[in-house]
Amino acid sequence: MTDDRLIVALDVPNAHAGLELATRLGDAVNFYKIGLGMLTTGGLALANELKQEQGKRIFLDMKLFDISATVEKAVRGLAQFDLDFLTVHGDPHVVKAAKEGAAGSNMKILGVTILTSLDRADLDACLIQQGDVQELVVTRAARAMEAGADGVIASPQEAALIRALPEAKGKLIVTPGVRPAGAALGDQKRVATPHSAIKDGANHIVVGRPVWQADSPGQAARDIIASLP
Ligand code: C5P
């Protein structure tokens with residue numbers, strides 16, 4: 001049986017390949033993430049097709065960041081696509097503007113805290129304030145949710161810390177960087193199993209390669225779902 005807690009990242013080369021994969025996965029998966037990389041190769045059309053024709057839920061991972069007026073306008077436009085989740089950077093002015101833009105729709109706004117690809121040296125180069133990266137992530141998550149975000153994207157390492165925040169009550173935590181036991185890590189360094197991510201307070205896990213690179217993607221998705229608490 002399918003389970004909306006599993007979101008499969010359609011990180012394939014174009015919308016055509018995305019549709020093929022989703023068709024192959026069929027009923028095994030009900031929720032898909034479409035990223036920025038696919039936007040220029042038909043990502044929005046794919047989102048529409050999966051939503052309208054196949055009744056799937058869609059997470060558009062765009063990580064928007066701009067002045068408030070521009071974010072609001074962009075999000076208002078995207079809200080017409082009947083998407084389920086949209087990411088923006090978790091800066092309070094961006095989150096507030098995105099929530100304005102999403103008003104009247106069911107689209108949830110998720111804040112990105114600090115990209116997991118950035119370490120302290122990168123943050124220094126960006127003139128981001130001193131301090132432990134994990135503490136900054138948790139504080140940024142609190143600020144994003146205070147500003148009205150419906151939830152945040154968090155690595156499995158931070159999910160439990162964020163879930164414990166008073167600001168996180170009733171909010172969504174969506175966790176990439178998840179690997180079933182024994183699966184190849186790829187470029188992911190700090191991973192957790194789907195089971196422990198959900199146990200630590202994630203509402204949804206995002207999994208890409210362990211599903212779409214599997215010999216049987218449907219079986220891989222079903223195995224992940226079966227492993228959830
Ligand atoms: O293939 P894999 O399971 O690593 O894919 C994870 C997905 O989640 C990718 O689309 C990746 O861009 C995204 N993601 C991530 N780590 C983050 C934010 C997003 O892996 N911190």
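A residue counts as buried when its relative accessible area is under 20%. That cut-off will be needed on this tour of a predicted model.

**The barrel.** Begin with the strands. Eight of them form a closed barrel in the order β1-β2-β3-β4-β5-β6-β7-β8, and their pairing is parallel. From one strand to the next, the twist averages 25 degrees. Next, select helix α4, residues 92-102, which packs on the sheet and touches β3 (57-64), β4 (85-89) and β5 (108-112). The direction of α4 makes about 150 degrees with that of β4.

**Strand β1.** Select residues 6-9, which form strand β1. In a regular strand, side chains alternate between the two faces of the sheet. Both faces of β1 are covered: Leu6 and Val8 lie on one side, Ile7 and Ala9 lie on the other, and all four residues are buried. With strand β2 (residues 31-35), β1 pairs in the parallel sense over two bridges, and Ala9 stands opposite Lys33 of β2. With β8, the parallel pairing of β1 extends over three bridges; here Ile7 has Val206 as its bridge partner.

**His204 in strand β8.** Proceed to residues 204-207, strand β8, where His204 is found. Is His204 buried or exposed? The relative accessibility of His204 is 7%, so this residue counts as buried. Display the side chain of His204 together with Asp4: the side chain reaches the backbone oxygen of Asp4 at 2.8 Å. Leaving aside residues up to four places away in sequence, His204 touches a series of others, including Arg5, Ile7, Phe31, Arg57 and Phe85. Also among its contacts are Leu172, Ile173, Val174 and Thr175.

**Strands β6 and β7.** Select strand β6 (residues 151-153) and strand β7 (residues 172-175), which pair in the parallel sense over three bridges. Within this pair, Val152 stands opposite Ile173 of β7.

**Helices α1 and α10.** Finally, select α1 (residues 15-25) and α10 (residues 217-227). Two packed helices are described by the angle between their axes and the distance between the axes. For α1 and α10, the angle is about 60 degrees and the axes are 8 Å apart. Their crossing is right-handed. To see the contact, display Leu21, Arg24 and Leu25 of α1 with Pro217, Gly218 and Ala221 of α10. By class, the contact has four nonpolar residues, one polar and one charged.

Notes. Residues numbered from 1 in each chain as written. Predicted model: local features only at pLDDT ≥ 70, side-chain atom pairs only at ≥ 80, totals over all residues. Heavy atoms only, no water. Pairing = 2+ DSSP bridges. Axes fitted to C-alpha atoms, helices over the stretch in contact; angles between N-to-C directions. Contact = heavy atoms within 4.5 Å. Left-handed = near helix turned anticlockwise from the far one by under 90°. Nonpolar A, V, L, I, M, F, W, Y, C, P; charged D, E, K, R; others polar. Buried < 20%, exposed > 50% of the residue type's maximum accessible area, 1.4 Å probe, protein only. Polar contact = N/O pair within 3.5 Å; in protein donor to acceptor, adjacent residues only side chain to side chain.
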